[in-house]
Each structure stands twice: as C-alpha cells, then as structure tokens.
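Biologist: I'd like a close look at a single part of this structure. Please take it step by step.

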Amino acid sequence: MKIIQHSRELADSVATGHLFGMDSAEQVEISNSFPLPSPQQEDVDQDEYKVSSLKLLRETNFEYNVVGWYQSCSVGGSISQAFLEAIKSFQGEAPNAVAITYDHGLSSTGIFGFRAYRLVDGLTRLEEIPV
C-alpha cells in the first residue's frame with residue numbers, strides 16, 4: 001500500500017524507494033518499503049535522507065536490511081537501459097536484490113500493476129519474478 005500511495009502522490013513523475021526485509025539463499029522476503037524524495041526536491045539532501053531513514057527504522061525495530069528498490073511507471077514504461085544498469089549495480093552489492101515496479105496506468109484498468117525483477121545468469125538476462 002505504501003508503494004501505491006507514493007506512486008499516486010508523484011503521479012506526474014517517477015516514485016522510487018527502498019525495500020526492506022530478509023534475504024536468504026532461497027528467497028527475498030519484503031516486509032517494508034520506504035519512499036525516497038523525488039529528484040525535483042532540491043531542498044532535500046538525498047544521502048542524508050537515506051542515512052536518517054535507516055537510523056529511524058533501526059531505532060523503531062523495523063527490519064532495515066535493504067533487499068531492493070521500487071519505482072513507479074506508467075503503462076509498461078519501466079524497462080530501460082538505465083533500469084537494467086541500476087539492477088546490475090544494486091545486485092553487485094546484494095546478489096539476491098529485487099526491483100519492483102508499480103504500473104499505476106495498468107492498475108487503473110484493473111490489471112495487477114506490480115512486477116518484480118532481478119538479473120540472472122551472470123547479470124545478462126532479466127527475469128520477471130512472479131508476485
């Protein structure tokens with residue numbers, strides 16, 4: 001619900017955020033998400049915001065292990081070279097990391113708008129994970 005709300009709030013731009021949870025050899029369990037400020041918010045220091053967010057989660061006993069990120073898109077517009085490079089970079093630090101997209105355009109037509117992705121086979125092939 002947080003991802004949907006964040007996407008609606010930034011309907012004219014891309015909403016992004018971190019996914020928190022547990023990462024085991026078998027699966028990634030997502031238990032929480034945390035929105036990131038949009039790049040248009042010039043008054044927000046992105047790095048300082050991330051650090052203070054993680055500190056807040058730790059202090060409130062939330063799982064603060066970052067297991068991926070999410071971004072919003074509209075009518076299938078999520079997969080780009082930049083998206084693939086972001087997954088590759090993220091999985092360099094966390095091999096089982098996932099990227100979730102929420103397509104608010106599809107959701108408004110009654111189609112399930114969430115998709116989860118990760119790179120497999122030596123970071124050369126994109127795999128959609130059933131959600």
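Which residue in β2 is the bridge partner of H18?

Modeller: F34 in β2 is the bridge partner of H18. This is a predicted model, where local features need pLDDT of at least 70, side-chain atom pairs count only at pLDDT 80 or more, and totals for chains, interfaces and linings use all residues. Residues are numbered from 1 along each chain as its sequence is written, and side-chain values use heavy atoms, without hydrogens or water.

Start with the strands. β1 covers residues 16-23 and β2 covers residues 28-35. The two run antiparallel, joined by seven bridges. Four residues lie between β1 and β2, and the pair forms a hairpin. (Strands are DSSP runs of E, at least two residues; helices are runs of H or I, at least four. Two strands pair if DSSP finds at least two bridges between them.)

H18 also takes us to the largest pocket. H18 is among the residues nearest the pocket's centre, along with T16, L36, K50 and W69. Eleven residues line this pocket. (A pocket is an open set of points on a 1 Å grid where a 1.4 Å probe fits, with protein on both sides within 12 Å along at least five of seven lines; lining residues have an atom within 4 Å of a point.)

Its volume, the space filled by probe spheres set on the points, is about 220 Å³. β1, α2 (46-59), β3 (66-73) and α3 each give the lining at least two residues. By type, the lining splits into five nonpolar residues, five polar and one charged. (Ala, Val, Leu, Ile, Met, Phe, Trp, Tyr, Cys and Pro count as nonpolar; Asp, Glu, Lys and Arg as charged; the others, Gly among them, as polar.)
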